[in-house]
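Biologist: I would like a close look at one part of this model. Please show me the whole first.

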Amino acid sequence: MAIKLETVERCRAAFDVLSILLDREPSQREVSKAAGASSSTVSSVWDELTADDTDDGRPVQVAASRSCLCCRKPFPSRSAGHRICPRCKALEAWQAGVADFAVTMSL
Ligand SMILES: [Zn+2]
């Protein structure tokens, strides 16, 4: 039986929200409960939710645990483009913009 796109999207949204709330990758059971989907449904879309790349190598927008580009610690990232952890984004230096990250050199 084919799974409705709407159900896949609901599972993905639940996965993303839970990743952020729990600060780790959620279990299939947690996603199933949050999305209101059966465990067999979540199980069949699980690879899609946790995969980093599609079969043809294109990046897909899926949540996964990735290393923060700022502090290098793993965090639940929403997509391949989401690479700064919430803790680092809360830092004053990040919020002040790129200028504060500049390196100065005296000769
Ligand atoms: Zn960080």
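Biologist: Among contacts in the protein between residues at least 6 apart in sequence, what share joins residues at least 24 apart? Then take me through helix H3: which of its residues are buried?

Modeller: The share is 28%. A contact here means two C-beta atoms, placed from the backbone, within 7 Å. Some ground rules come next. This is a predicted model: local features need pLDDT of at least 70, side-chain atom pairs count only at pLDDT 80 or more, and totals for chains, interfaces and linings use all residues. Numbering starts from 1 along each chain as its sequence is written.

The setting is brief. The protein has five helices and two strands, in the order α-α-α-β-β-α-α from the N terminus. These elements are DSSP runs numbered from the N terminus (helices: H or I, at least four residues; strands: E, at least two). Of the 107 residues, 20% count as buried. Buried means 20 or more other C-beta atoms within 10 Å of the residue's own; exposed means 12 or fewer; partly exposed lies in between, with C-beta atoms placed from the backbone.

Now H3. The helix runs over residues 39-50, which is 12 residues. Its expected span is 1.5 Å times one less than its number of residues. That gives 16 Å, and the end C-alpha atoms are 16 Å apart, so the two agree.

Its buried residues are Thr41, Val42, Val45 and Leu49. They cover an arc of only 90° around the axis, so they sit on the same side of H3. The arc is taken from the directions between the helix axis and the C-beta atoms. An α-helix has 3.6 residues a turn, so residues three or four places apart point the same way. Exposed Ser40 and Asp47 are on the face turned away from the buried side.

What covers that buried side? The cover includes helix H1 (5-22) and helix H2 (28-35).

The largest nonpolar core has 12 residues, including Val42, Val45 and Leu49. Such a core is a set of buried Ala, Val, Leu, Ile, Met, Phe, Trp, Tyr and Cys residues joined through C-beta atoms within 7 Å. H1, H2 and H3 each supply at least two of its residues. H1 gives the most, with four.

Val31 links to this picture. Leaving aside neighbours within four places in sequence, Val31 is in contact with Val42 and also with Cys11, Ala14, Phe15, Leu18 and Pro26.
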